[in-house]
Amino acid sequence: MRKTPEERLRKERIMTVVYSVLACIGAVFVTSLLFSAIATVIDLDSSSFRLMSSIALCAGCFGASFAAAKKRRKDGLKTGLLCGAVIFGVTLLSGIIFVRSFSVGGFFTKVLIIMVCSSLGGIIGVNSRRRFR
(Lines give C-alpha, C1' and ligand atoms only; values in the text may rest on other atoms or scores of the structure.)
Protein backbone atom coordinates (compact mmCIF):
# COMPACT_ATOMS: atom_id res chain seq x y z
CA MET A 1 0.00 0.00 0.00
CA ARG A 2 1.37 3.41 -0.93
CA LYS A 3 1.86 6.10 1.62
CA THR A 4 0.10 9.40 1.34
CA PRO A 5 2.14 12.62 1.19
CA GLU A 6 1.10 13.41 4.77
CA GLU A 7 2.40 10.05 5.99
CA ARG A 8 5.70 10.55 4.15
CA LEU A 9 6.08 14.05 5.60
CA ARG A 10 5.33 12.74 9.09
CA LYS A 11 7.90 9.97 8.72
CA GLU A 12 10.47 12.47 7.42
CA ARG A 13 9.90 14.73 10.44
CA ILE A 14 10.21 11.82 12.86
CA MET A 15 13.44 10.66 11.22
CA THR A 16 14.83 14.21 11.37
CA VAL A 17 14.17 14.32 15.11
CA VAL A 18 15.75 10.89 15.57
CA TYR A 19 18.87 11.92 13.60
CA SER A 20 19.27 15.15 15.53
CA VAL A 21 18.82 13.48 18.92
CA LEU A 22 21.38 10.81 18.03
CA ALA A 23 23.79 13.48 16.77
CA CYS A 24 23.39 15.45 20.00
CA ILE A 25 23.92 12.43 22.22
CA GLY A 26 26.87 11.27 20.14
CA ALA A 27 28.59 14.66 20.19
CA VAL A 28 28.11 15.06 23.95
CA PHE A 29 29.33 11.50 24.53
CA VAL A 30 32.46 11.89 22.40
CA THR A 31 33.43 15.25 23.91
CA SER A 32 32.75 14.01 27.43
CA LEU A 33 34.84 10.92 26.76
CA LEU A 34 37.67 13.09 25.45
CA PHE A 35 37.49 15.44 28.42
CA SER A 36 37.36 12.51 30.84
CA ALA A 37 40.57 11.16 29.34
CA ILE A 38 42.18 14.59 29.70
CA ALA A 39 40.98 14.92 33.30
CA THR A 40 42.50 11.57 34.27
CA VAL A 41 45.91 12.68 33.02
CA ILE A 42 45.88 16.28 34.25
CA ASP A 43 44.80 17.50 37.69
CA LEU A 44 42.02 20.04 37.06
CA ASP A 45 40.00 22.36 39.27
CA SER A 46 36.20 22.75 39.28
CA SER A 47 36.16 25.74 36.92
CA SER A 48 37.84 23.59 34.27
CA PHE A 49 35.07 21.02 34.58
CA ARG A 50 32.43 23.72 34.12
CA LEU A 51 34.20 24.88 30.97
CA MET A 52 34.41 21.31 29.69
CA SER A 53 30.71 20.71 30.31
CA SER A 54 29.86 23.93 28.46
CA ILE A 55 32.00 22.84 25.51
CA ALA A 56 30.29 19.43 25.50
CA LEU A 57 26.92 21.18 25.53
CA CYS A 58 28.04 23.36 22.60
CA ALA A 59 29.12 20.30 20.65
CA GLY A 60 25.80 18.60 21.29
CA CYS A 61 23.77 21.63 20.24
CA PHE A 62 25.86 22.11 17.12
CA GLY A 63 25.60 18.43 16.21
CA ALA A 64 21.84 18.26 16.70
CA SER A 65 21.05 21.37 14.69
CA PHE A 66 23.60 20.46 11.99
CA ALA A 67 22.04 17.03 11.52
CA ALA A 68 18.48 18.39 11.48
CA ALA A 69 19.28 21.22 9.06
CA LYS A 70 21.27 18.94 6.76
CA LYS A 71 18.36 16.49 6.67
CA ARG A 72 15.75 19.21 5.99
CA ARG A 73 17.92 21.26 3.58
CA LYS A 74 15.98 24.48 4.26
CA ASP A 75 15.43 27.08 6.99
CA GLY A 76 18.76 26.49 8.73
CA LEU A 77 18.54 29.32 11.25
CA LYS A 78 14.97 28.45 12.15
CA THR A 79 15.85 24.78 12.50
CA GLY A 80 18.88 25.59 14.62
CA LEU A 81 16.93 27.87 16.93
CA LEU A 82 14.17 25.28 17.29
CA CYS A 83 16.71 22.56 18.16
CA GLY A 84 18.35 24.96 20.61
CA ALA A 85 15.05 25.76 22.29
CA VAL A 86 14.28 22.07 22.74
CA ILE A 87 17.76 21.33 24.10
CA PHE A 88 17.54 24.31 26.46
CA GLY A 89 14.16 23.14 27.74
CA VAL A 90 15.51 19.66 28.42
CA THR A 91 18.63 21.11 30.07
CA LEU A 92 16.59 23.49 32.23
CA LEU A 93 14.13 20.81 33.34
CA SER A 94 16.85 18.28 34.12
CA GLY A 95 18.79 20.93 36.05
CA ILE A 96 15.74 21.84 38.11
CA ILE A 97 14.92 18.20 38.79
CA PHE A 98 18.39 16.87 39.58
CA VAL A 99 20.35 19.85 40.91
CA ARG A 100 17.39 21.58 42.58
CA SER A 101 18.91 25.01 42.19
CA PHE A 102 18.55 27.88 39.78
CA SER A 103 20.90 30.77 39.09
CA VAL A 104 20.05 33.68 36.83
CA GLY A 105 23.63 33.99 35.56
CA GLY A 106 23.75 30.33 34.61
CA PHE A 107 20.36 30.62 32.93
CA PHE A 108 21.40 33.43 30.60
CA THR A 109 24.80 31.90 29.93
CA LYS A 110 23.22 28.59 28.90
CA VAL A 111 20.65 30.35 26.72
CA LEU A 112 23.41 32.28 24.96
CA ILE A 113 25.66 29.25 24.52
CA ILE A 114 22.89 26.97 23.28
CA MET A 115 21.31 29.45 20.88
CA VAL A 116 24.61 30.54 19.32
CA CYS A 117 25.90 26.99 18.80
CA SER A 118 22.54 25.72 17.55
CA SER A 119 22.17 28.64 15.13
CA LEU A 120 25.64 28.06 13.75
CA GLY A 121 24.97 24.35 13.36
CA GLY A 122 21.74 25.02 11.50
CA ILE A 123 23.30 27.55 9.15
CA ILE A 124 26.32 25.40 8.40
CA GLY A 125 24.15 22.27 8.04
CA VAL A 126 21.94 23.83 5.38
CA ASN A 127 24.87 25.29 3.47
CA SER A 128 27.00 22.14 3.53
CA ARG A 129 27.40 20.05 0.42
CA ARG A 130 25.27 16.97 -0.05
CA ARG A 131 27.52 13.95 -0.59
CA PHE A 132 24.97 11.25 -1.28
CA ARG A 133 21.47 11.46 -2.62
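Modeller: The dialogue below takes up helix packing, then cysteines, then one serine. This is a predicted model, in which local features need pLDDT of at least 70 and side-chain atom pairs count only at pLDDT 80 or more, while totals for chains, interfaces and linings use all residues. Residues are numbered from 1 along each chain as its sequence is written, and side-chain values use heavy atoms, with hydrogens and water left out.

Biologist: How are α1 and α2 oriented to each other?

Modeller: Two packed helices are described by the angle between their axes and the distance between the axes. Helices are DSSP runs (H or I, at least four residues), numbered from the N terminus. Axes are lines fitted to C-alpha atoms over the stretch in contact, with angles from 0 to 180 degrees between N-to-C directions. The axes of α1 (residues 5–41) and α2 come within 7 Å and cross at roughly 155°. The two helices are therefore roughly antiparallel; angles under 35 degrees count as roughly parallel, over 145 as roughly antiparallel, 65 to 115 as roughly perpendicular and the rest as oblique.

Biologist: Which residues of α1 and α2 meet?

Modeller: Contact means heavy atoms within 4.5 Å. Among them are Tyr 19, Ala 23 and Phe 35 in α1, and Phe 49, Met 52 and Ile 55 in α2. By class, this contact has 16 nonpolar, 6 polar and 2 charged residues (Ala, Val, Leu, Ile, Met, Phe, Trp, Tyr, Cys and Pro are nonpolar, Asp, Glu, Lys and Arg charged, and the others, Gly among them, polar).

Biologist: At what angle do α2 and α3 cross?

Modeller: The axes of α2 (residues 46–72) and α3 (residues 76–98) cross at roughly 140° and come within 9 Å. That angle makes α2 oblique to α3. The contact includes Leu 57 and Arg 72 of α2, together with Cys 83 and Ile 87 of α3. Its residues divide into 7 nonpolar, 6 polar and 1 charged.

Biologist: How many disulfides does the count come to?

Modeller: A disulfide is a covalent bond between the sulfur atoms of two cysteines. With the rule of a sulfur pair within 2.5 Å, the count comes to 0. The sulfur of Cys 58 has its closest cysteine sulfur in Cys 117, at 3.1 Å, which is too far for a bond. For Cys 83 the closest is in Cys 24, at 8.8 Å, also too far.
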